[in-house]
Amino acid sequence: MTQRLKEVDVVVIGVGMVGSIVAKELAAAGYKVVGLERGQARFTVPEFQSPAIHDELRFDIRKALMQDNTREPVTFRNHGSETALPVRRWESFLPGTGLGGSMVHWNGQTYRFQANDFQLATRTRERYGRNFLDPDLTIQDWGVTYQELEPYYDRFEYLLGTSGKAGNIKGKIHPGGDPHESPRSREYPTPPMKEHFQGAMFRKAATNLGYHPFPQPSSNLSQPYTNPEGIKLNTCVFCGFCERYACEHFAKAVPQTIILPVLLANPNFELRTGCQVQRINLDSAKKQATGVTYIDAAGREFEQPASLVITSSFAINNVRMLLLSGIGKPYDPASGKGVVGRNYAYQTMSTVASFFDEDVIINPFMASGASGTLINDFAGDNFDHSGLGFIGGAFIGAVNTNGRPIQYHPVPPGTPAWGKGWKQAVVKHYNHTVMFSLHGSSVSQRQNYLDLDPTYRDAWGQPLLRMTFDFPQNDLKMAEYVTSKGVEIGKATGAKQVAGSPRRAPYTVTQYQTTHNTGGTVMGSDPSTSVVNRYLQSWDVPNVFVIGASAYPQNASWNPTGTLGALTYWTIDALKNKYLKNPSALVSA
Amino acid sequence: MAMVQLTRRNFVGSIGAAAVVPATSMLSNAVGAASVTDGPVPAKPASADAKPVYLFFNAAEARFIEAACERLIPADESGPGALAAGVPNYLDKQLGGAWGAGERLYRSGPWVAGTPSQGYQLPFTPGELFHTALRAINLDLEKRGTAFDSLPVDAQDNYLKLLEAGTLDLDGVPSGVFFSLLLGMTVEGFFSDPVYGGNRDMVAWRMIGFPGAYADYYEAIDRHGVKFEREPISLAEDGRGHIHVHQDIPANL
């Protein structure tokens, strides 16, 4: 028996980073907003407090903050010819759950994409010619430009208080920052974090090789900061428990520390936790959403009517919500037609390990999630790809975030997997190794996509999302090339042994890489190749907005959160100043 | 059971090749080593005789687990091994609790053997998997007239390599799957917080220099290359009662 509730103006599906920012803005503008969060409510005090939060087994290994995969996993296969099987344990990527969403367990690495990234197809054609790319690649322009998004990047960074050093303010290059970045309108809200030893070593080696190292932009803050919402964040103390953990220090920008206190104080907003949305309901013509149906933690079913539905879940869950609701045409890789689930992409991660003698003390456990040093000289299109046979690149950096020993105990290649040889190598190298991350872009490709699984179901009886993905040749070539550059930097640090591990196929769900899943509800200017328009509004059902990294037509060389924050404020602007004044399609198809 | 390459001749050959070190003597060595590691002597030193109370493993399983863990992470001059660190006790408590029962494991069928990149696809919970595999292993060794813990260490290593290679069918559990779970959980037990029953007295953390749950390096982070000398801190020390309270954000909004 479904209980029908009183209609509200707006329903937000998922109260994470996007959901809490959107809800705050619309509630403040006078709209009645209901936020439906499938997980539990949780706050810095008492849930995130030390020392219980500093438990590697519970949070890193047992994935305490992650989406409940016993009820709601995904299925996976490398290729369409295989049978997809459930990801029975999370490893490769870790979507969060609960109030604050995945942002609660992020590292705080807060990048912008470059102007080139938003017009990737056009710029690639212009610079390298029409025939440069593998014809299977389906990269495309975003339908929005960097220049349009810049004010919203700025607003997001100032909400978070991001610590960094600008390299390009209004076209003027500033020493110490990233000279490759697209122009920003002003300096970061707070100065860069202190540099750890690995970062300092990397800086010296990269400078000697003629590259341009800069401090990692961090939303674990270098100093106290009061954001435009009036909320004060504290200084990060480099505890080394950031990614996969919640911050007990009020030093990491997460919804609990940047926006929820304001949102939850607004009587126009109602938070309902433990609510699993089953589908967005449509009218009989399937042209308008009428609200959502959800099941609460006690198993009771409700219909929540609403004039506007915003899905602000984790990227892959946004895709699944549209597929379960019948919004937009599902993608078919055989014909290349259809859009929902199309252009699923990821991140192409490689590593370089530099091993030192035992008199070089690294202290890897002293770190924040974003206190490293890196270069963008081999990221995006910052180097000439002529003759290389690939597009894209990676940032290379000493961006180590922790020394938590169950997961972090680097040993040189050739070390036995167990026994005395393994143990001695762990003891010898734990405190004397520098790791570089090579954080690579990910092109979209015709064969990689998301759809609904024909066999496996969630705890509510609905089909699971099916992921079909392997690394495109383009990205494997990129990983080889960029890793060779990382190895050169490793050697230039004076390490006695340097081991590069370029990402290799096949993609496996058994090894953590990143939680940077993108695509599937791609934005764009052509309804035949995008799910939402440039304002993240559904082409098919104009009172549904889909905000998430699911909008990215392909993924760039950087962590996706900064760009998602910019898109969130960009969309809020369109909602407040355009859509809500005259609810209709903002772009004619 | 397929492809059993371990023969009596292998065992005998191994005995000739290496000194026999019974697990009990490794345990005493290990504790001896722990007492001379740097830092103050713990208030209640771990006793070599303090046998864990096994709630999950039966006696035969426990004998295998104790001996096998100590081969995976042996006591040596760098410090105690898995046995002295209490890893078998960690395994027992994990496997007897929620994790052993399938915590965080999607358990709906159909059950299909997948590709390596699709990960674990067996219906066994970790607890079921251990019981099934250990019974098969102990029966296999019994047929050969021996038991794992009475083998010389080289022969123990050879048998573990056989499991690792994945060539044995342990009553439906591929031996490689069992081995990688055993190894993964042994490393977990060695390095996880002592509140979980392994890493006794934080021996593994002392060995590598990890300070544990201790959590403020603001003053130390830019003193590059300086060894961080202090006792590690366990969750059990309760952060010395310290709670961070925000002046503006109330608890439980």
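Trainee: Which side chain of chain A does D222(B) meet in a salt bridge?

Mentor: Keep in mind that we're looking at a predicted model. The rule wants a Lys or Arg side-chain nitrogen within 4 Å of an Asp or Glu carboxyl oxygen, and here the N to O distance is 3.5 Å. So the pair passes that cut-off, and the partner of D222(B) is K194(A).

Trainee: Okay, and how many salt bridges does the rule find across the interface of chain B and chain A?

Mentor: Polar contacts between chain B and chain A come to 39 residue pairs, both at pLDDT 80 or more. For salt bridges across that interface, the count is four.

Trainee: Which element gives the most to the side of chain B that touches chain A?

Mentor: The elements of chain B that put two or more residues there include α3 (59-72), α4 (87-96) and α7 (175-191). The top giver supplies seven residues, and that's α7(B).

Trainee: How much area is buried between chain B and chain A?

Mentor: The contact draws 83 residues from chain B and 83 residues from chain A. On the chain B side, 44 are nonpolar, 23 polar and 16 charged. Carbon and sulfur atoms give 63% of the buried area, which totals about 6,700 Å².

Trainee: Now chain A by itself: what is its radius of gyration, and why does that agree with a compact globule?

Mentor: Its C-alpha trace spans about 70 × 55 × 55 Å along the principal axes, and 68% of its residues count as buried. A compact globule of 589 residues would come in near 25 Å, so chain A agrees with its radius of gyration of 23 Å.

Notes. Residues are numbered from 1 along each chain as its sequence is written. Chains are lettered from A and ligands numbered from 1 in the order in which they are written. Side-chain values use heavy atoms; hydrogens and water are left out. Contact means heavy atoms within 4.5 Å. Buried area is the accessible area (1.4 Å probe) that two parts lose on being put together, summed over both. A polar contact is a pair of N or O atoms within 3.5 Å; within protein, one must be able to donate a hydrogen and the other to accept it, and residues adjacent in sequence count only if both atoms are side-chain atoms. Helices (H or I, at least four residues) and strands (E, at least two) are DSSP runs, numbered from the N terminus. Ala, Val, Leu, Ile, Met, Phe, Trp, Tyr, Cys and Pro count as nonpolar, Asp, Glu, Lys and Arg as charged, and the others, Gly among them, as polar. The radius of gyration is taken over C-alpha atoms; the globule rule is 2.2 Å times the number of residues to the power 0.38. Buried means under 20% relative accessible area, exposed over 50%, partly exposed in between (1.4 Å probe, protein chains only).
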